[in-house]
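Subject: Structure for you to look at

Hello,

Here is the structure I said I would pass on. My notes on helix packing and aromatic rings follow it.

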Amino acid sequence: MSILAKIIIGFVTFIHIYIVWLEMFAWTTRAPKVFKTIPKDLFIPTKVLAANQGLYNGFLAAGLIWSLLICDIEWSKNVALFFLGCVAVAGIYGAATASKRILYVQTVPAVLGILAVLFL
């Protein structure tokens with residue numbers, strides 16, 4: 001896998017680690033400043049739901065980290081493509097149902113990662 005592909009995978013991983021922190025540990029403190037379209041009075045009652053979402057984002061980050069640690073090049077690429085594909089699909093769904101901004105934050109970097117893995 002190319003260095004650029006690994007850098008993009010690292011960037012997508014970083015985004016998801018940030019999302020994990022935000023949704024699992026900072027939902028009632030920092031998240032209201034990030035998710036401005038959600039009424040502030042909903043953050044406390046949705047804390048458990050957000051933490052659950054954060055956990056799923058953690059699995060995506062873990063899979064991407066795993067792809068960077070695999071020594072076999074083809075296996076590494078396949079794992080990276082799977083998890084980048086999951087991120088892209090999650091981003092498309094999030095953009096369609098929650099906020100168009102998710103398309104740019106999640107889907108675009110994941111698709112760039114997929115292209116880098118496939119063609120570089």
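Is Trp66 buried, partly exposed or exposed, and what is its relative accessible area? Trp66 has a relative accessible area of 41%, so it counts as partly exposed. Please keep in mind that this is a predicted model.

Trp66 belongs to an aromatic pair with Trp75. The ring centres of Trp66 and Trp75 are 6.2 Å apart and their planes stand at 85 degrees, an edge-to-face arrangement. Trp75 is also partly exposed, because its relative accessible area is 46%.

Trp66 and Trp75 turn up again in the packing of two helices: Trp66 is on the α3 side of the contact and Trp75 is on the α4 side. Helix α3 covers residues 47–69, and its axis comes within 8 Å of that of α4, crossing at roughly 160 degrees. Angles over 145 degrees count as roughly antiparallel, so α3 is roughly antiparallel to α4. The crossing of α3 past α4 is left-handed. Besides Trp66, α3 contributes Phe59, Leu60, Gly63, Leu64 and Ser67 to the contact. From α4, the residues include Ser76, Val79, Ala80, Phe83, Leu84, Cys86 and Val87. By type, the residues of this contact are 11 nonpolar and 3 polar, with no charged ones.

Helix α4 (residues 73–97) also meets helix α1 (residues 3–25). Here the axes come within 12 Å and cross at roughly 45 degrees, and α1 and α4 are therefore oblique to each other. This crossing is left-handed too. On the α1 side the contact is made by Ile9, Val12 and His16, and on the α4 side by Ala80, Leu84 and Val87. These residues divide into 5 nonpolar and 1 polar, again without a charged one.

A search of the whole structure gives 6 aromatic pairs. One of them joins Tyr18 and Trp21, with 5.8 Å between centres and 35 degrees between planes, which is tilted. Tyr18 and Trp21 are 3 residues apart in helix α1, so about one helical turn separates them. Tyr18 counts as partly exposed because its relative accessibility is 32%; Trp21, at 39%, is partly exposed as well. Elsewhere, ring pairs connect Trp27, Phe35 and Phe43 into a cluster.

Regards

Methods:
Residues are numbered from 1 along each chain as its sequence is written. This is a predicted model: local features need pLDDT of at least 70, side-chain atom pairs count only at pLDDT 80 or more; totals for chains, interfaces and linings use all residues. Side-chain values use heavy atoms; hydrogens and water are left out. Axes are lines fitted to C-alpha atoms, for helices over the stretch in contact, and angles run from 0 to 180 degrees between N-to-C directions. Helices (H or I, at least four residues) and strands (E, at least two) are DSSP runs, numbered from the N terminus. Angles under 35 degrees count as roughly parallel, over 145 as roughly antiparallel, 65 to 115 as roughly perpendicular and the rest as oblique. A crossing is left-handed if the near helix is turned anticlockwise from the far one by less than a right angle, and right-handed if clockwise. Contact means heavy atoms within 4.5 Å. Ala, Val, Leu, Ile, Met, Phe, Trp, Tyr, Cys and Pro count as nonpolar, Asp, Glu, Lys and Arg as charged, and the others, Gly among them, as polar. Rings of Phe, Tyr and Trp (its six-membered ring) pair if their centres lie within 6.5 Å; planes under 30 degrees apart count as stacked, over 60 as edge-to-face and the rest as tilted. Buried means under 20% relative accessible area, exposed over 50%, partly exposed in between (1.4 Å probe, protein chains only).
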